[in-house]
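Please read the briefing below alongside the sequence and the coordinates. It begins with one local detail and then turns to the overall picture, the strand pairings and a few single residues.

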Amino acid sequence: MAVFRPTYGNWYVNRSHDGFYGQNFGNSTDKLAPADYDGDKKTDVAVYRPASGVFFIYRSSDGGDGSAYWGLPEDIPCPADFDGDGKADIAIYRPSTSQFWIRRSGSGNAPLVIQYGTTGDQPVVGDYDGDGKGDIAVYRPSNNIWYMHLSATNTDTATQFGAVGDKTVQGDYDGDGKTDVAVYRTVTGVWFIVNSTGGYTSYQFGFPADTPAPADYDGDGKMDMAIFRPGENNFWINGSKNGVLVIGWGVSTDVPIANAYVRNQ
């Protein structure tokens, strides 16, 4: 479990193996951009600073930090391993031009700019085809359609799923290595998931005031439904292996890092 405390720019992480970890990194206006940038299988603390268009990254592999100018104030960070080299690539989605700007680590940080989407779309990158590479994807709230460009076949696909006010919570909920289309309905606290292995799932887990924070908390390779409840300062986790777990972590103003888009959109 991990939270970002905007007031102080602090990250507080309750690690499943190594205990508590705290890191001062960022400020209240930064957008969260955690990902495995150095390829050591650990998520690195990282932020995108809109005012300057700079990514700041604190590497878990050597404790060093780095920065890279890559964006404009309006941009939304959406890092992912787009080139399949085992490292997350610095990337942003530019709403004004509906473009993904990607800095590919496996190609000497060579830039790649791809037009995808239209005004009002939200980036929902993930590995939807299971080839080990991040796929460019957007969610269109105006018609509740997910548009995805699959890197394995270089083809496009679309899925209509969701309703007005839903929050996107895509992830691999069935453990097949592919990102599943999923939303959290804030008005009811219900999760709706389209499993890539087949079938459709809905599950009541949360209240309207909760913030969704899905992640694989029990290490079984499946995304777990989870929420952060500010009123209680608790994480509620519906583990796919161990069932429901409630753990106190954070304060009411914290932002759960497991779903950074809540702060970024």
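Which residue takes a positive phi in the hairpin of β5 and β6? It is Gly53, with a phi near 70°, in a hairpin that has four residues between the strands. This is a predicted model, in which local features need pLDDT of at least 70 and side-chain atom pairs count only at pLDDT 80 or more, while totals for chains, interfaces and linings use all residues. Residues are numbered from 1 along each chain as its sequence is written, and side-chain values use heavy atoms, with hydrogens and water left out.

**Overall picture**

- The protein has one helix and 24 strands, where helices (H or I, at least four residues) and strands (E, at least two) are DSSP runs numbered from the N terminus.
- The radius of gyration is 17 Å, close to the 18 Å that the globule rule gives for 265 residues, so the protein is as compact as a globular protein of that length; the radius is taken over C-alpha atoms, and the rule is 2.2 Å times the number of residues to the power 0.38.
- Along the principal axes, the C-alpha atoms fill a box of roughly 45 × 40 × 30 Å.
- Of the 265 residues, 48% are buried, a class that means under 20% relative accessible area, with exposed meaning over 50% and partly exposed in between (1.4 Å probe, protein chains only).
- The accessible surface comes to about 11,600 Å², and 52% of it belongs to carbon and sulfur atoms; such areas come from the Shrake-Rupley method with a 1.4 Å probe, and for residues only the protein chains shown count as cover.
- Among contacts (heavy atoms within 4.5 Å) between residues at least 6 apart in sequence, 31% join residues at least 24 apart.

- Strand β1 (residues 2-5) and strand β2 (residues 10-15) run antiparallel and are joined by four bridges, two strands being counted as a pair if DSSP finds at least two bridges between them.
- Ala2 stands opposite Val13 in β2, and the hairpin of β1 and β2 has four residues between the strands, with Gly9 taking a positive phi near 70°.
- Six bridges join β2 to β3 in an antiparallel arrangement; these two strands form a hairpin with three residues between them, and Val13 stands opposite Tyr21 in β3.
- Gln23 is found in strand β3 (residues 19-24) and counts as buried, at 17% relative accessibility.
- Leaving aside residues up to four places away in sequence, Gln23 touches Gly9, Asn10, Trp11 and Tyr58.

**Around β5**

- Strand β5 (residues 45-49) is mostly covered, with four of its five residues buried.
- Two bridges join β5 to strand β4 (residues 31-32), the two running antiparallel, and Lys31 stands opposite Tyr48 in β5.
- Five bridges join β5 to strand β6 (residues 54-58), again antiparallel, and Arg49 stands opposite Val54 in β6.

**The sheet from β8 to β11**

- Four strands form an open sheet in the order β8-β9-β10-β11, with antiparallel pairing; its edge strands are β8 (76-77) and β11 (110-115), each of which pairs on one side only.
- Two bridges join β8 to strand β9 (residues 90-94), and the bridge partner of Pro77 in β9 is Ile92.

**Loop residues**

- Most residues other than glycine have a negative phi.
- Ser98, which is not a glycine, has a positive phi of about 55°; Ser98 lies in the loop between β9 and β10 (99-104) and counts as buried, at 5% relative accessibility.
- Asn109, in the loop between β10 and β11, has a positive phi near 65° and is partly exposed, with a relative accessible area of 34%.
- Ser142 lies in the loop between β13 (136-140) and β14 (145-150) and counts as exposed, at 69% relative accessibility.
- Ser142 and Asp30 are 112 residues apart in sequence, and their C-alpha atoms are 27 Å apart in space.
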